[in-house]
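Here is a short report on one interface and two residues. Please view the structure alongside the text.

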Amino acid sequence: MDDSILQDFVIESKDHLSVIEEGLMAMDEGDADVHSIFRSIHSIKGASGFLGLPTLSSLAHIMETLLQEYRDEIQMPTPDGVDALLKGVDLLTTMFDDISNSDDVDTKDVIEALNLLLGKESAPDTGVGAGGAEAAKCNILEGLTFDEEELRKLVSTTDFAFVLVFPKDRKQDELNEELSSLGRVLSMVERDDVIAVLFVSVLDGDMIQGATELDANCVIDVGNEEIDLAVAPAEAEVAPVAEAEAALAPKAEAKPAAAPVAKPVKAAEKKDKPKGEAVKVEETVRISVTLLDHLMSLAGELVLVRNQQTMAVDREDSNQTRLVQQLDVVTTEMQDVIMKTRMQPVGHVLTKVPRMVRDLAKKLGKQIEVILVGKDVELDKTLLEGLADPLTHMVRNSCDHGIETIEKREAKGKSGQGTLTIRACHEGGQILIEIKDDGAGIDPAIIGGKAVEKGMVTQDQLAAMTDKEITQLIMMPGFSTAETISDVSGRGVGMDVVRSSLEKMGGTLEINSILGEGTQMMIRLPLTLAIIQSLVVEASDRRFALPQVNLEEMVCLYDRDVVEKIDNVNGQEIYRLRDQLLPLVRLRDLLETSDPYDENIRSTIASKYRREQDELYEKAGDEKVLQSLYIAVVRSGLGRFGLIIDAVSNTEEIVVKPMHPYLDSVKIYSGATVLGDGSCALIIDPDGISRHCGVGLANAQAPKESEKAAVEESHSALIFRWGAEEYYAVFLPMIRHIERIKLADIQKVGDKDYITIEGQSVLLICLDQHLNVSKAEMKEEMYILLPKYTRAPFGILVSSLEDIVQVSAEIHADTAPEDGFLGSLIVNDKMTLFIDVYRVLESAMPHVPHEVSTNSAPDSKIKVLYAEDSLMFRQIVSGYLKEDGYEIDTAPDGAEALKMLKAGDYDFLLSDLEMPEMGGLELIAEVRKLEKFAHIPAVALTSLQGDEARQKGFDAGFDRYENKIQRDPLLATIAELAKEKGLTA
Amino acid sequence: MIKKFCSFYLGDRFYGIDILDVREISLQMDFNSVPHAPEEVKGLVNIRGEIHLVVDLRVLFHLPPLELDSNSRLLIFKTKIGPPFGALVDRVGDVVEVEEETIEERRKKEQSGEEGSRRKPSHAITNGVCKLPNDLMIVLDAYQLVRYRGEEAS
């Protein structure tokens, strides 16, 4: 027979089968398009007859007959009928999987069941039954010992029983050991030339077959029927029994359609049944994957031609330009579409779940509702295929052991029906699949006990573990053994198999469980072909892509801070980031050091830079050294660390290409990518670097606290754009008003732009005139931001407003990339620069003298303590003072400030009035009581205005009273007071 | 049977590689180097959107290094050989046609002869030698080349 015809038939029929299956499931719920099911089975029957596949054809035929009766309303679909048909579908699927051996499949049971439904007693077609009867005659359990009752119980509940047939040369004890990790060996016997093993497991046949590396026909399912055969009295010969059955069966007519034994049931009732909508099948064309891959590489080439053409085009010729632009648009779109062809909705795998759960629930006597969310989420084809088996197993686990029986649930006060939710979604550049049940959950006490018993952890280790960590133990290899099936309700058996197969695809598995409430299993998968957001950074004149997922923030150190803020702990360079020690890795040196870091390498690097800095400062003498240092705060699975890079280039969406296997030994990259200009860049792997440099192991847990703190101290920030590239932000509390303006309304006076708002002339500030940023996108309509606390009205011109977000105010003053910025923060996956509104204002109004104050005695720095509860103001004011040569410490409230004052030697106190714990007035009262600080210069810095408030401040003991955030007056006041008090000359 | 070889030079040594394994000869020489990679890895190069790994055959065969010049070429192998891969050579020669029988296979010799000593990279990826009228062509195995892991393998 022509193989290609057969192949086409198989592929086509599988499509039909899924239509039938879906239809039958719908029928189960009471609405289905019987016609389409019938058409599909009819097609299978027709073609199989034509191709000479008798077993297949006769099974399809009898299924068709039953469906025909449903269609013609000779009888109504019953759950039993649907069941039998579904079994038929299963058998057909098996046959199509191995079409050349389809005649060997035993269809007897199903055909009998179907015949029964058609009102016939037994299979009429002996030709069909013969093969099956033969198989049944052979007692596969021969010689194996087992407890009949126990086995029946196992088989009818959650487990699968198999007879595994191994070649004779395998050692029995080895086999025993190997198998016990997968399930339980009940009996083992040597017969003829093989070893037969009776084996029970919660894993299904396919997984067992994979794990034992046996051929499919060496893994034989054991069901009740086989047990019947095995326990049948020896004298009752099998063959006669079969013959007797055959004799009992009345001869059935050949024309199945003419056998409507079951009379139509009340016609009226049938009419009431809603027809339901037809199962929609999207129109598709079959394309081979090779062809798609080829198409994709061609698209890549087309892009290159497009790029060259774009450059070559004569810009003067408008016609040519237009054509090139069109080419550009079409090419980009085409590439996108072709990329998508490899992606398939995760629904392809998920839709199989309801059927599986239905069968399981029936078998287990439970009620389980399945909720599928995110069927449309797309995943690369290969990943999707790899996902099917683990998912099946996890669902099975949830149904078997997670969700309790109806009685148990009701006893616990839950609804009798359990719910299994499967949710797929995109999250942080990954695909997340959540399998959640509202069942019994996992008891960490039992799991922990088992783990200790197995010697996987010690009692001490266990005591130190959280419940969540204990739960993860069930995924450890070796946790699943035969005993756990009964003792720990089977949870965990095979979970290590599931985990390892997910990890092979680059995914992860996490288990969360609340005892009594349910279990949640989270699969995270990468998108191999996915496009990820990344920050392109530079080091040693090379460019690298740093995935945004791994990037927490950027820190930039300036001038002296480059030396002073970096400490050396046992040779490891450390940066103190908001009270957290951040180990530093210099990318430039890392690239030159292919050996894993040891103490020697680390200290060599550290001392090299120390020396470099010393020389730099020696050479500069009294002159100010201008330098900067970029630190990317990178989070890896092992913790976080600071990666020192030479420069930040831009953000870019990159397509991840795997590393060439030739470079398997190089662990610090996770792949490579082509950047916008056509050059290649390596993608940094933070985990790899962390391992290579031996950093980040200790502080994996540490950041959590600061995150909490950051949430507490959050501010609203307004995100806006000015140039085409960057995102900027200002703290919303600093903005008085936002106004939409028309570009045409801007008036030019001299070289300055003004606009009239509420009858007031407002000076407009364009960021690119005062900061080193890209040019604006000028639009018809723009916005201006009017800040609070300004001497003269001015507005910052922005091209578009993006968002208002809550961000942590943790922008350290020394992270400012340059003058005029407070620092940067990653907001919504984009690097956002926070603008120091007041510095921008100063540079915009140069007529205001800059040197308001100068600390005339730089070698004896004035030490200022600043008490303020708002972190944002703390940062801004500290920045101003530091800039002006003061040394400054901050305290979040009065009580803390008092403590610090007592402990340290401060020359100057600056305090807010309204603070938690202890306000400014109380603070100054306490301070004045101390002998040492009776005359310390103290300035109240507050937004409380009015004479009464002022007077209160002076009465309490403040020397000066200032309104917040006016840099120059503030500095002038401090300088003046310091002079008055004799701190400066 | 006549086999066709794409021939090339490293210094004055003459090499050949089965022409059916070669997809194209490229002039693209702007490599992005890969720190930490074995020293023979010249870098990555983007050829029509595909990232190719380039190995400098000179370095692999422990020949003295040579500056890139106008004769330098990249042999890019077909995808059946493995993931995108190219080999940097000094210059390419003509297509050489030889009777398959005239290639003396190194493998056979090695199996009968001295196996114990550490195999040099040039050995691991050499299929045999072929005498030409006025030259000796060393036949390389592209498949082995792509899979050769530099120092790690030894």
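The sections below cover the contact between two chains, then two individual residues.

## Interface of chains A and B

The model is predicted. In it, 26 residues of chain A contact 28 residues of chain B. About 2,200 Å² is buried between chain A and chain B, and carbon and sulfur atoms give 66% of that area. On the chain A side, A:H660, A:Y662 and A:C680 lose the most area to chain B. Together they account for 35% of what that side buries.

Four elements of chain A give two or more residues to the side touching chain B: α13 (289–312), α25 (587–592), β21 (669–674) and β22 (680–684). Of these, β21(A) gives the most, with four residues. By class, this side of chain A has 13 nonpolar, nine polar and four charged residues.

## A:Q572

A:Q572 sits in strand β16 (residues 572–577) of chain A. Its relative accessible area is 12%, so it counts as buried, the cut-off being under 20%. Beyond residues up to four places away in sequence, A:Q572 touches A:D567, A:P583, A:L584, A:R602 and A:V695.

Two of these partners have distances. A polar side-chain atom of A:Q572 lies 3.0 Å from the backbone oxygen of A:L584. A:R602 is 30 residues from A:Q572 in sequence, yet their C-alpha atoms are 5.8 Å apart.

## A:T421

A:T421 belongs to strand β8 (residues 417–427) of chain A. A:T421 is buried because its relative accessible area is 19%, under the 20% limit.

Terms used
Residues are numbered from 1 along each chain as its sequence is written. Chains are lettered from A and ligands numbered from 1 in the order in which they are written. This is a predicted model: local features need pLDDT of at least 70, side-chain atom pairs count only at pLDDT 80 or more; totals for chains, interfaces and linings use all residues. Side-chain values use heavy atoms; hydrogens and water are left out. Buried means under 20% relative accessible area, exposed over 50%, partly exposed in between (1.4 Å probe, protein chains only). Contact means heavy atoms within 4.5 Å. A polar contact is a pair of N or O atoms within 3.5 Å; within protein, one must be able to donate a hydrogen and the other to accept it, and residues adjacent in sequence count only if both atoms are side-chain atoms. Buried area is the accessible area (1.4 Å probe) that two parts lose on being put together, summed over both. Ala, Val, Leu, Ile, Met, Phe, Trp, Tyr, Cys and Pro count as nonpolar, Asp, Glu, Lys and Arg as charged, and the others, Gly among them, as polar.
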